[in-house]
Amino acid sequence: MPIELYLDLHSQPCRAVFLFAKITKIPFEYKAVDLSAGEHFGEEFGKVSILRKVPVLKDGDFILTESIAILQYLAVKHHTSDHWYPADLQKRARVDEYLSWQHTALRAHGSKVFWFRGVLPVVTGAPVPKEKMDSALEDLNMSLKTFEEKFLQDRRFIIGQEISLADLVAIVEMMQPVGTGLDVFESRPALGAWRDRVKKAIGVEVFDEAHKVIMNVDVLPQTFENKGLPEFLKVRIMKMFN
């Protein structure tokens with residue numbers, strides 16, 4: 001019986017899990033969870049995860065949350081190609097090092113810019129104050145600089161000649177602000193070249209499939225209008241960035 005993956009591809013961790021399962025040909029049943037409609041706060045999803053977050057993996061009676069844990073579980077259980085999550089201790093440690101760092105750095109900063117540019121103006125009807133936006137962009141630029149200088153350096157991929165889970169997680173994080181029209185690869189030629197290598201290693205078609213919804217973030221106003229953003233969700237969003 002295939003595993004079940006509860007996902008919303010607007011979420012970068014969900015895209016990482018989706019892409020990894022697709023490109024390694026792990027059988028799975030896609031369970032769509034519409035975050036914009038507040039489905040993760042519904043009764044049915046609550047039976048799957050009390051954390052009220054996606055992604056979630058369900059493998060029989062076994063339920064796993066947190067994208068990094070899910071990626072590692074899939075890599076080990078399904079014996080995926082070694083380069084994704086190497087058996088070599090030091091190479092695996094390099095992957096884990098990046099995966100540990102990115103939570104409070106690139107993921108946090110890329111997400112904040114995405115919310116500030118693509119979501120909050122739709123919810124509030126007003127642009128984010130300039131000083132808040134400038135601060136968010138400064139944090140994102142610092143994370144990108146750290147990524148290039150510490151994690152990528154002059155290598156083809158984070159751990160060397162082959163792609164790993166670290167590269168996969170990194171690229172989906174960088175695509176989040178790109179979806180709002182902010183090209184983080186512009187004026188960063190080394191980063192742009194790395195992105196092209198990652199897309200080629202993943203497969204351009206499946207990469208574009210995973211990012212289709214995020215690259216159409218300008219339709220969010222119409223989406224919210226059609227579905228009606230739940231008031232409780234609007235209040236939660238406002239509290240997140242006050």
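A salt bridge here is a side-chain nitrogen of Lys or Arg within 4 Å of a carboxyl oxygen of Asp or Glu. Keep that in mind for what follows. One caution before we start: this is a predicted model.

So, the pair to look at. Arg107 forms a salt bridge with Glu173, and their closest N and O atoms are 2.7 Å apart. Where do the two residues sit? Arg107 is in helix H5, residues 106–124, while Glu173 is in helix H7, residues 165–178. They are 66 residues apart, and the pair links distant parts of the chain. Buried or exposed? Both Arg107 and Glu173 are buried.

Now step back to the whole fold. The protein chain has 11 helices and 4 strands. Its radius of gyration is 18 Å, close to the 18 Å that the globule rule gives for 242 residues, so the chain is as compact as a globular protein of that length. Along the principal axes, the C-alpha atoms fill a box of roughly 50 × 45 × 30 Å. Buried residues make up 47% of the 242. Take the contacts with a separation of 6 or more: 71% of them come from residues 24 or more positions apart.

Next, charge. There are 31 positive and 33 negative side chains, and the centres of the two sets lie 1 Å apart. Side chains of opposite charge can pair when their charged atoms come close. How many salt bridges does the structure hold? The count is 12.

Here is another one of them. Lys53 forms a salt bridge with Glu66, with the closest N and O atoms 3.1 Å apart. Lys53 lies in the loop between helix H2 and strand E3, and Glu66 in the loop between strand E4 and helix H3, so this pair ties together parts that are 13 residues apart in sequence. Lys53 is partly exposed, at 44% relative accessibility. Glu66 is also partly exposed, at 36%.

On to helix H6. Asp134 forms a salt bridge with Lys130, and the closest N and O atoms are 2.6 Å apart. The two are 4 residues apart in helix H6, so about one helical turn separates them. Asp134 is partly exposed at 35% relative accessibility, whereas Lys130 is exposed at 59%. There is a network too: salt bridges that share partners join Arg94, Glu97 and Lys150.

Last stop, Ser143, also in helix H6. Why does Ser143 count as buried? Its relative accessibility is 4%, and the cut-off for buried is under 20%. Leaving aside neighbours within four places in sequence, Ser143 is in contact with Trp101, Ala105, Leu106 and His109.

Note on methods:
Residues are numbered from 1 along each chain as its sequence is written. This is a predicted model: local features need pLDDT of at least 70, side-chain atom pairs count only at pLDDT 80 or more; totals for chains, interfaces and linings use all residues. Side-chain values use heavy atoms; hydrogens and water are left out. The radius of gyration is taken over C-alpha atoms; the globule rule is 2.2 Å times the number of residues to the power 0.38. Buried means under 20% relative accessible area, exposed over 50%, partly exposed in between (1.4 Å probe, protein chains only). Contact means heavy atoms within 4.5 Å. Lys and Arg count as positive and Asp and Glu as negative; His and the chain ends are not counted. The place of a charge is taken as NZ of Lys, CZ of Arg, CG of Asp or CD of Glu.
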